[in-house]
Amino acid sequence: MSMGIRVFGKVGCGKCDSCKKNLGRLGLLFESIDITEWLDGSPPGNWQERNLHNVLAAYYHLEDLPLLQINDEEITSYPAGMRRIKMMLKEATQEVVAVA
């Protein structure tokens, strides 16, 4: 199963590191984005098109990190995102078993 996962976090964030380790344990690839690079006031030019409103809010509240985005959908908290990822993996496994 292929998922496009983005982890929005910052260097030195323990929860961000834990999130990335957990994704790695699940064998999932992800894009890691350090939002502290935006603190100079220059978020990505296409932030509105990329649905980054929650991320821009989080960069004022860095304790809310990490945030996850799955398959270019709504950005969510780490716990909610991991629950969704695990549910998607479980459903994909059940589909493979049903086909076999």
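Q: What makes Asp-34 a residue without a salt bridge, and is Asp-34 buried or exposed?
A: In this predicted model, local features need pLDDT of at least 70 and side-chain atom pairs count only at pLDDT 80 or more, while totals for chains, interfaces and linings use all residues. Residues are numbered from 1 along each chain as its sequence is written, and side-chain values use heavy atoms, with hydrogens and water left out. A salt bridge is a side-chain nitrogen of Lys or Arg within 4 Å of a carboxyl oxygen of Asp or Glu, where Lys and Arg count as positive and Asp and Glu as negative, with His and the chain ends not counted. The nearest side chain of opposite charge to Asp-34 is Lys-20, 7.9 Å away, so Asp-34 has no salt bridge.

Q: Where is Asp-34 found, and which residues is Asp-34 in contact with, leaving aside neighbours within four places in sequence?
A: Asp-34 belongs to strand β2, residues 31-34; helices (H or I, at least four residues) and strands (E, at least two) are DSSP runs, numbered from the N terminus. With those neighbours left aside, Asp-34 is in contact with Gly-9, Lys-10 and Val-11, contact meaning heavy atoms within 4.5 Å.

Q: Why is Glu-37 called exposed?
A: Glu-37 has a relative accessible area of 57%, and because exposed means over 50%, the word applies. Glu-37 lies in the loop between β2 and α2 (53-58).

Q: What makes up the largest nonpolar core?
A: A nonpolar core is a set of buried Ala, Val, Leu, Ile, Met, Phe, Trp, Tyr and Cys residues joined through side-chain atoms within 4.5 Å. The largest such core has 12 residues in all, among them Met-3, Cys-19, Leu-68 and Tyr-78. At least two residues of this core come from each of β1 (5-9), α1 (14-25), β3 (67-70) and α3 (78-99), and the largest share, 4 residues, comes from α3. Apart from this core lies another, of 8 residues, including Ile-33 and Ile-75.

Q: How many helices and strands are there in the protein, and how do the elements run from the N terminus on?
A: The protein has 3 helices and 4 strands, in the order β-α-β-α-β-β-α. Of its 100 residues, 34% count as buried.

How values were computed
Buried means under 20% relative accessible area, exposed over 50%, partly exposed in between (1.4 Å probe, protein chains only).
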